[in-house]
Amino acid sequence: MLVIFRRHLKNCEHFSDGRKWRRCRCPIHVEGSVGHESVRQALNLTSWEAAQQWVRDKEAGGTLHTPASVTLEEAVEKFFEDAPGRKLKPATIKKYRVVLIQLRVYANQRGVSLLKHVSVDFVRGFRTSWADGAISGAKKLERLRAFFRWCILSKWMSENPAAGVHSPVVEIVPTLPFEPKEVAAVLVHAKDPRWHALILLLRWSGLRIGDAMKLTGDDLNGDRLFVRTEKTGVRVYVPLPQNVAQELAALPLYAGYFFWNRAGESKIETATGNARRALRKIFEEASVKNGHPHRFRDTFAVELLKSGVPIETVSRLLGHSDIRITQRSYSPWVQSLQKILEDAVRRTWPKPTLQRVK
Ligand SMILES: [Zn+2]
């Protein structure tokens, strides 16, 4: 028989409750035996359902180590153990790490633990969950196919579940800022002070949600926020409205971080995923259609452009590596700015004489 339990982290508030407490997000361990094999290890799963499924699968298989009982987790681990021997470059390994970590998080959330349960449908769903553009999405899919080819060579799978999945179609996500009343409605429905502060932060800093999760207390200096963007590494300060800075400063920190609860969310992807889910729920409750965290960034950018801030400045604040990215995303608003300028000029022209109507 196999027993699963959570091994509580030192900073878990249920540390002293021991094994009987399972409703936190501490790492799940397994111990016990199947047939003549015994096991005592960390499962690298945070979902209790996924861990239970793992146990059911191993017990039903009657063994811990057959091709049919290889977990996705084990396969990914072995893949990276094998990578240096295959002379993969560190940069390539890093790219594999990005997609395979994401795959593990996705599988964990859906309670899929065994490699054999990774189906074509599953891979399609996984692809649909990506926020990447078409080009990086296609590259990611290629890495995924290579990973499953390697699993087939290892005799753990017979078919490649990513082979029949098409590359994402080039999709231009329209930039769509929120109306001020939509932002207000969202804030009313953000009952949790942390999500309330996160929404204000996204709206007034233009940060990507993933970058916001990485902010620490040290990044806030009075009302100035030190913004490091992951994509370009350029360092920029963004001033925040006083109420936003105050709300942020009032949040109790998680070991230094504003939003990343590292005790329960060891991976940044998990923390970002949890924040996205919380916001999705708030958008629904506020009846804001097509609510998406990225739209706060758009709102930040468009409001600046509408106020006449030059696009070069907006581009730097957004951390774009190339101003053409900013131009491409926000050209309709740059055009509307042009219209504002023209209207201003027109207003200075002499008006035709008004005639009083009875
Ligand atoms: Zn715990």
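A255 is exposed, having 10 other C-beta atoms within 10 Å; on the scale used here, a residue with 12 or fewer such neighbours is exposed, one with 20 or more is buried and anything in between is partly exposed, with C-beta atoms placed from the backbone. A255 also has a positive phi of about 40°, even though it is not a glycine. This alanine sits in the loop between α9 (242–250) and α10 (268–285), where helices are DSSP runs of H or I of at least four residues, strands are E runs of at least two, and numbering goes from the N terminus. The model is a predicted one, so local features need pLDDT of at least 70 and side-chain atom pairs count only at pLDDT 80 or more, while totals for chains, interfaces and linings use all residues. Residue numbers start from 1 along each chain as its sequence is written.

K87 belongs to the loop between α2 (72–82) and α3 (90–109), and it counts as exposed because it has 7 C-beta neighbours inside 10 Å. A further loop residue is G164, placed between α5 (134–153) and α6 (180–189). G164 counts as exposed too, with 10 C-beta neighbours inside 10 Å. From G164 to A184 is 20 residues in sequence, yet the C-alpha to C-alpha distance is 44 Å.

Now for the whole chain. Of the 358 residues in the chain, 28% are buried. Take the contacts (C-beta atoms, placed from the backbone, within 7 Å) between residues at least 6 apart in sequence: 62% of them join residues at least 24 apart. The chain splits into domain 1 (1–65), domain 2 (67–166) and domain 3 (180–335), with bounds that come from an automatic or database domain assignment. Between the C-alpha centres of domain 2 and domain 3 the distance is 30 Å.

Next comes the sheet. Three strands make up an open sheet, ordered β1-β2-β3, with antiparallel pairing; two strands pair if DSSP finds at least two bridges between them. At its edges are β1 (2–6) and β3, each of which pairs on one side only. From one strand to the next, the twist averages 5°. β1 and β2 run antiparallel and are joined by five bridges, with V3 finding its bridge partner in E31 of β2. The pairing of strand β2 (residues 28–34) with β3 is likewise antiparallel and covers six bridges. Along that pairing, H29 has A42 of β3 as its bridge partner, and G32 stands opposite V39. β2 and β3 form a hairpin with two residues between them, and G35 in the turn takes a positive phi of about 60°. Strand β3 (residues 37–42) lies largely in the open, because the number of buried residues among its six is zero. Helix α1 (residues 48–61) lies across β1 and β2, and runs at about 165° to β1.

Finally, a helix pair. Helix α11 (residues 294–306) packs against helix α12 (residues 311–318) at an angle of about 160°, and their axes are 10 Å apart. Axes here are lines fitted to C-alpha atoms, for helices over the stretch in contact, and angles run from 0 to 180 degrees between N-to-C directions. α11 and α12 are therefore roughly antiparallel to each other; that label goes to angles over 145 degrees, with those under 35 counting as roughly parallel, 65 to 115 as roughly perpendicular and the rest as oblique. The α11 and α12 crossing is right-handed, a term for a near helix turned clockwise from the far one by less than a right angle, with anticlockwise giving a left-handed crossing. On the α11 side the residues that meet α12 are A301, L304 and L305, and their counterparts in α12 are I311, V314 and L318.

Note on methods
Contact = placed C-beta atoms within 7 Å.
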